[in-house]
Amino acid sequence: MTFFDNFQIDSMEDLMSLIDEVGFVPFFENEIEGFSIEEHIAPGHWYDDSNGFWDAWEWKGPVIQRAKCAYGKFLRGKAMYVSAKWFTDFANFRRDGYDFDARFEDGLAQFQDKDLYELIDVNAPIFSKPLKKLGDYRKGGRKGFDSCINRLEKQCYVIISDFKYETDKMGNEYGWGIAEYSTPEKFFGKMFVNNVYKRTPEESYARLFKHFKKILPGVEDEWIEKMLK
């Protein structure tokens with residue numbers, strides 16, 4: 001399957017099958033037309049002001065947990081699912097072969113990123129509210145949570161491992177899902193730890209590039225390079 005085939009996502013099972021088959025599934029539309037859930041989802045499963053359906057959002061947590069896939073802002077600041085099969089090469093390339101400690105020791109990571117990473121690593125999995133409380137990210141406290149977490153996701157040191165919703169007195173869920181954070185090492189376990197640095201970053205990039213050419217046929221090389229970087 002490619003993203004230019006005529007298909008629709010009509011259920012959570014459809015979405016999990018798509019992630020398993022193509023490996024990389026962006027949530028929102030982006031610079032590459034057709035390369036998103038938003039553009040392939042069946043009517044009635046995508047939110048707008050007139051219908052009030054939230055299916056694509058409500059599927060996030062169950063899909064991450066059931067498909068055991070990575071989720072985060074991996075695509076130029078936008079959210080994307082990545083299958084376990086492809087995440088080791090993706091993380092190896094994005095990390096440039098560094099674990100986080102080595103990256104920091106070489107002066108390639110900021111102090112505030114190190115502090116947040118270590119909080120997540122020690123407490124994973126942890127939802128955003130208690131994480132912010134532990135790190136004193138509040139009015140009058142530390143700033144920059146969003147910038148730090150976005151960098152850590154982009155570099156594949158942190159992923160979103162689940163979502164939960166607030167509930168009212170009647171037990172009804174409401175609002176936006178609250179993200180739970182983890183590290184790939186904690187979420188995937190030995191499968192990830194034993195394989196993430198198995199290849200050189202250059203070898204991982206070559207594999208990723210070849211795969212993106214397959215799932216995005218006809219897309220210019222420069223756009224694939226932008227997607228990967």
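This is a predicted model: local features need pLDDT of at least 70, side-chain atom pairs count only at pLDDT 80 or more; totals for chains, interfaces and linings use all residues.

Mentor: Residues are numbered from 1 along each chain as its sequence is written, and side-chain values use heavy atoms, with hydrogens and water left out.

Trainee: Which exposed residues sit on the face of H11 turned away from its buried side?
Mentor: Helices here are DSSP runs (H or I, at least four residues), numbered from the N terminus, and H11 covers residues 201-215. Buried means under 20% relative accessible area and exposed over 50%, with partly exposed in between (1.4 Å probe, protein chains only). The buried set of H11 includes Tyr205, Leu208 and Phe212. The face turned away from the buried side carries the exposed Glu202, Lys210 and Lys214.

Trainee: Which element gives the most to the lining of the second largest pocket?
Mentor: A pocket is an open set of points on a 1 Å grid over the protein atoms alone, with protein on both sides within 12 Å along at least five of seven lines; lining residues have an atom within 4 Å of a point. H1, H4 and H11 each supply at least two lining residues there. The top contributor, with 5 residues, is H11.

Trainee: And which helix gives the most to the lining of the largest pocket?
Mentor: Among the residues closest to that pocket's centre are Lys73 and Phe163. Elements giving two or more lining residues include H7 and H8. With 5 residues, the most comes from H8.

Technical notes
The expected span of a helix is 1.5 Å times one less than its number of residues. On a 1 Å grid over the protein atoms alone, a cavity is a set of points where a 1.4 Å probe fits but cannot get out, and a pocket is an open set with protein on both sides within 12 Å along at least five of seven lines; lining residues have an atom within 4 Å of a point.
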